[in-house]
Amino acid sequence: MARRLMAGNPAGSLDYAGQELETFALAANWKAYVRAKLAPFIVGDVAEVGAGLGETTRALIPSPLARSWTAIEPDAAMAQSIRARAEAGDFLRPVDVHATTLAQLPKGKDFDTVIYIDVLEHIEQDRAELSAALARLRPGGRIVVLSPAYQFLYSEFDRAIGHFRRYTAKQLRALTPSGASIEASFYLDSVGMIASAANKLLLRQKMPGRGQVLTWDRLMVPLSRLIDPLVGRSFGRSVIVVWTRDQAV
């Protein structure tokens, strides 16, 4: 089953049978790179939407400006896995886990940061989702989105895991909800675009293998960390946009 999330899903939960989360859990260099670039924006009480198996939680929870962490995962089995990891001390701080969607959280539970790491592309009503996230933010709070870049790279892999789309920075910025301002917009992993293009044009795989993920993570990601600043983070395999909620909405 592909992972496709619905903004405001009345059922509040879904089952997810995708396998890419386990495969990409091997990408330690990538997660460290993402943490380094996103940590300055991850502040205060944080909500992570679509927390999956908790690998992104584990990677980003050390962000020094974060105060508390809420993991929102509509797949009940995955949410339970995160709870078990939290109880086992796998994270650096307590994690409040909710097996639901952002829209189904109790009213009055607000945040300073709401993050979507490789999640927004799974949500059909992406504009509505960002508006819902903004409504959960305190004044001055942030929405942080990282998603796969460029629709021309949309592949069998994207289709297999339930991506509705890939984004350019311009397309993400066009989703800016009323009452929010764009704080940052850039790309990561310029070298990784080669791997994505090869899969799209040559391999046409529904799922990359362990060896491919490790090659990308161990060889391409370190090169991207060197090259991305040289090209002004103007293109890459992933795109990031950060919005700030206006003080008065």
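By a nonpolar core I mean a set of buried Ala, Val, Leu, Ile, Met, Phe, Trp, Tyr and Cys residues joined through side-chain atoms within 4.5 Å. Buried is under 20% relative accessible area, exposed is over 50%, and partly exposed is in between (1.4 Å probe, protein chains only).

My ground rules: this is a predicted model, where local features need pLDDT of at least 70, side-chain atom pairs count only at pLDDT 80 or more, and totals for chains, interfaces and linings use all residues. Residues are numbered from 1 along each chain as its sequence is written, and side-chain values use heavy atoms, with hydrogens and water left out.

**Cores.** I found 33 residues in the largest nonpolar core, with Trp30, Leu38, Ile42, Trp69, Val95 and Ile115 having the most contacts inside it. A separate second core has 30 residues, including Ile72, Leu105, Val119 and Val145.

**Rings.** I looked up aromatic pairs (rings of Phe, Tyr and Trp, the last by its six-membered ring, with centres within 6.5 Å; planes under 30 degrees apart are stacked, over 60 edge-to-face, the rest tilted). There are four of them. Trp30 and Tyr33 have ring centres 6.1 Å apart and planes at 80 degrees, so I noted the pair as edge-to-face. Both residues, Trp30 and Tyr33, are buried. Tyr150 and Phe152 form a tilted pair, with centres 5.3 Å apart and planes at 35 degrees. Is Tyr150 buried or exposed? Tyr150 counts as buried at 12% relative accessibility, whereas Phe152, at 55%, counts as exposed. Last entry: ring pairs join Trp30, Tyr33 and Trp216 in a cluster.
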